[in-house]
Amino acid sequence: MGVELVVGQILLVVAMALCGLILNRLLKIDNSLGCLLVGVAAGWLVPQWGIDTGIRANNLQDLVFYLLLPILIFEAVWHIEPGDLKRWLKPILLLASVGVVLSTLFSAVLIYYGINHPSGFPWIAALICGVVLATTDPVITTAKLEQHKAPKGLITLIKGESLFSDATTIVLFSLLIAIATHSASSSNLSISTFFISVFMGGLILGGIMGLIAAILTLLLASHSTTRIVLLFAAVGSFYLAKNIFEVSGIMAVMGTAIVARMCLNEKEHSFLLGADGNWHWLALLFSSILFVLMGLVITPDMFSHQWLAILIGIGAAILSRSATIFICTIASIPFSHSIQKNWKGVLIWGDIRGVVAIALVLTLPTSLSYWWTIQSIVFGVVLFNLLIQAPTSRWLIRKITADE
């Protein structure tokens with residue numbers, strides 16, 4: 001693939017993302033929905049003009065995993081206050097560990113028996129689909145919560161759950177894909193060893209990278225170099241983890257961001273001021289690109305051929321989330337900061353899947369016979385989240401703020 005073709009593809013996708021942001025401003029809709037609509041429209045119109053973008057479901061894996069995801073994960077960690085995270089760490093970890101496992105299993109069971117096609121959609125396919133649906137995207141919900149001055153604890157809980165649960169789901173997703181493609185042994189011992197090693201190994205590597213990034217930032221001590229070092233650390237930690245040390249790249253990015261954020265204090269060093277803005281525009285651009293890519297990959301056949309599977313997926317996502325939140329709410333009662341009962345509605349109905357879910361299904365190996373079914377289900381659930389759940393969650397948020 002020539003350099004001019006790659007540059008052309010990048011410019012085309014960025015132009016679509018900008019059109020999506022313009023559409024958001026004109027129609028007063030969420031950025032993600034605007035970019036998605038532009039992607040769908042472009043996916044239908046561009047071929048009519050005889051133009052081939054070269055963008056396919058099977059050639060997006062490296063772009064998504066090595067560039068888009070590291071930036072989005074780093075940005076999410078960077079904007080969580082360490083003090084708030086510490087206070088709500090126990091319920092966050094509960095949702096991100098037990099919650100993710102329960103949600104994955106509940107969804108997998110409902111989808112497997114709902115589709116009822118063991119030869120075409122085996123258990124491993126249901127588990128992969130379930131773990132992708134266990135991801136959360138807090139952007140839309142937290143924006144509405146902040147707008148209505150909802151409790152800070154709820155906002156921190158949603159942001160923290162999304163961050164840690166996304167890391168868990170990505171590691172589980174990688175494990176399940178390895179099993180599905182026969183690149184990992186299916187014995188219980190090797191699976192548990194694999195999970196622990198890649199999870200903890202990535203976190204340790206990330207901690208070291210975060211410390212190095214903090215030292216370099218303080219050594220160079222300027223606005224421009226701070227941005228360069230942190231950007232390099234975000235992408236570089238993922239690359240090293242995946243290609244050199246063979247551990248979790250996402251956990252490495254998380255570890256890098258957590259340690260760097262703890263070591264670098266904006267109040268003490270003026271050259272750190274404005275770093276938040278740098279991550280904000282990068283996250284906005286990359287999340288917009290992901291929704292554009294989703295729109296480009298969506299085909300009408302997904303809804304005409306897979307409509308029943310999509311409906312099953314939507315039902316499974318809502319039911320599994322409901323069961324998970326009820327169980328975790330009860331389990332968090334002994335904690336000093338527990339999940340409040342009147343928060344359950346927002347945690348269930350405000351559970352929006354977004355960039356991570358899209359990123360994962362865009363990296364599904366097309367060699368798996370059921371990849372298109374999983375992708376159709378996830379895209380259908382994301383559309384339901386954006387078109388139905390996101391607009392109607394406002395009344396639940398108003399109820400919470402009225403009760404406080």
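Predicted model: local features only at pLDDT ≥ 70, side-chain atom pairs only at ≥ 80, totals over all residues.
Residues are numbered from 1 along each chain as its sequence is written, and side-chain values rest on heavy atoms, with hydrogens and water left out.

Rolling a probe the size of a water molecule over the atoms shows where empty space is left. On a 1 Å grid over the protein atoms alone, a cavity is a set of points where a 1.4 Å probe fits but cannot get out, a pocket is an open set with protein on both sides within 12 Å along at least five of seven lines, and lining residues have an atom within 4 Å of a point. Grid points are joined across faces, edges and corners, and a volume is the space filled by probe spheres set on the points. By this rule there are 2 cavities of 30 Å³ or more.

The largest cavity has a volume of about 80 Å³, and its lining includes T136, D137, P138, E161 and R321. Helices α8 (152–180) and α15 (344–349) each supply at least two residues of this lining, where helices are DSSP runs (H or I, at least four residues) numbered from the N terminus. The second largest cavity holds about 60 Å³ of space, and of the 13 residues that line it, G99, S103, A134, E161 and R321 lie nearest its centre. The largest share of that lining, 4 residues, comes from α5.

On the surface, I196, M200, I204, I208, I212, L216, L219 and L220 form a nonpolar patch with about 770 Å² of accessible area together. Such a patch is made of residues with over 30% relative accessible area and no salt bridge, nonpolar side chains (Val, Leu, Ile, Met, Phe, Trp, Tyr) being joined within 5 Å; a salt bridge is a side-chain nitrogen of Lys or Arg within 4 Å of a carboxyl oxygen of Asp or Glu. Accessible areas come from the Shrake-Rupley method with a 1.4 Å probe. Within this patch, L219 belongs to helix α9 (residues 188–220), and L219 counts as exposed (over 50% relative accessible area) because its relative accessibility is 66%.

Conventions: Patch = residues over 30% accessible without salt bridge, like charges linked within 9 Å, V, L, I, M, F, W, Y side chains within 5 Å. Buried < 20%, exposed > 50% of the residue type's maximum accessible area, 1.4 Å probe, protein only.
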